[in-house]
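Q: I am new to this structure. Please take me through its pockets and cavities, one at a time.

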Amino acid sequence: MEIVRLAVPIENNFRKVMRVPQNKLLECIQKYPTLKELNPTKEGRDVVIRNITPDALLCLMKFASEDAVELSSCKIALETYCAARLYQLEPLQRICEEFISENPITLGNVNEIHQLAKTLKLDEVLKVADHFRTRFSESNKLNTENAAEPMVGYCFIKKNLHLNPIHLSIPLKQVECKDLNDAFPCDLKNEIVVDPNEDLRILGIRIRLQPGDFDRNKSLKIYCDMSTDSEDSCHLEETRHKSLEPIIIICFRKEFLVPMGQKGAISITIEDVKPAMFYGTEAETFRTKSGINFTYRSNRKTSQSDLKRVFIDRIFFDYTDNN
């Protein structure tokens, strides 16, 4: 079997080499012709690939051969995003954009993201990281960090464009668990109905949970259902698999537009999860300063009060005329 050696220069004139069966490489090139420069021009010669990291090359080749890839960190996502843009692999770009958008910028990773974006020349990501690095620094100096609401930032990217969404924050209350049933898993559904006074694009949601020590590393299955109430109703569905974390971001993969004069419903169901992890809210309606109305519903209440069991604490949206 012929083997192609793909070499990525690293420090001190060393190279990291990936060995790929030539028949596999040719299959990848057939699917994605922009990878043709990875095919050696002379037999036995290494193909030296610059402007890409070893991790990004591994993700690039895995995606090209399997049409799927798992990204394990923001560092690898940014490096792979840069490589996917270089080789014009749009489906891989969308996967990287989703990972970047759904993993918040925090005090612990903002400096790494800033340095990576600078090195990779990702100008929009650099601007966002620079903004949050300054903001986190100022909050530390003023000692304004709220332990119940940790400092996080977001970098929403879609189709190579940076989005700066508006967000509605919904106040949630911690609920004391006195009912034994709260310890047994069930399917919990939240629905938010949007009544806009302008044409809106709903970009995503934030889920807030209270996992216990024994709940960590569990995988959640989350169903997303979005629709409008018009005669030519828009109806979108997505199923997502997420690790159980206190904060989970979901950026909708498909564009969910809610025109003025229509109502849009965002229905999110988390399968097989303990109600004790959820918060509560009394309010059923919210209104933004700009006059957008939101109605919040849940399929479960607490046993000790009329608080609804809820988990959506933020909605990300913008106006369609901002595109």
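Into which domains is the protein chain divided, and what lines the largest pocket?

A: This is a predicted model. The protein chain is divided into domain 1 (3–102) and domain 2 (166–319). Their C-alpha centres lie 37 Å apart.

Start with the largest pocket. Its volume is about 780 Å³. A set of 21 residues lines this pocket, and Leu71, Phe99, Glu102, His241 and Lys242 are the closest to its centre. Both domains take part: domain 1 and domain 2 each give at least three residues to the lining. Now look at the elements. Helix 4 (90–102), strand 12 (235–243) and strand 13 each supply at least two lining residues. Strand 12 gives the largest share, 5 residues. By class, the lining of the largest pocket holds 8 nonpolar, 6 polar and 7 charged residues.

Next comes the second largest pocket. It holds about 540 Å³ of space. Here 24 residues form the lining, and the closest to the centre are Ile157, Lys158, Lys159, Leu163 and Arg201. Five named elements can be traced here: helix 4, strand 6 (156–158), strand 7 (161–163), strand 10 and strand 13 each give two or more residues to this lining. Again, domain 1 and domain 2 each contribute at least three residues. The classes split into 9 nonpolar, 5 polar and 10 charged residues.

Across the whole structure, a search finds 2 cavities of 30 Å³ or more.

The largest cavity has a volume of about 40 Å³. Cys74, Leu78, Ile100, Asn103, Ile105, Ile113, Val125 and Cys155 line this cavity. Its lining counts 7 nonpolar residues and 1 polar residue, with no charged residues.

The second largest cavity also has about 40 Å³ of space. Its lining is made of Lys158, Arg201, Ile202, Leu203, Phe252, Lys254, Glu255 and Phe256. Charge is present here: the residues divide into 4 nonpolar and 4 charged, with no polar ones. Strand 13 gives the largest share, 4 residues.

Lys158 and Arg201 line the second largest cavity, and both are among the residues closest to the centre of the second largest pocket.

Definitions and conventions
Residues numbered from 1 in each chain as written. Predicted model: local features only at pLDDT ≥ 70, side-chain atom pairs only at ≥ 80, totals over all residues. Heavy atoms only, no water. 1 Å grid on protein atoms, 1.4 Å probe; cavity = no way out; pocket = protein on both sides within 12 Å on 5 of 7 lines; lining within 4 Å. Points joined across faces, edges and corners; volume = space filled by probe spheres on them. Nonpolar A, V, L, I, M, F, W, Y, C, P; charged D, E, K, R; others polar. Domains from an automatic or database assignment.
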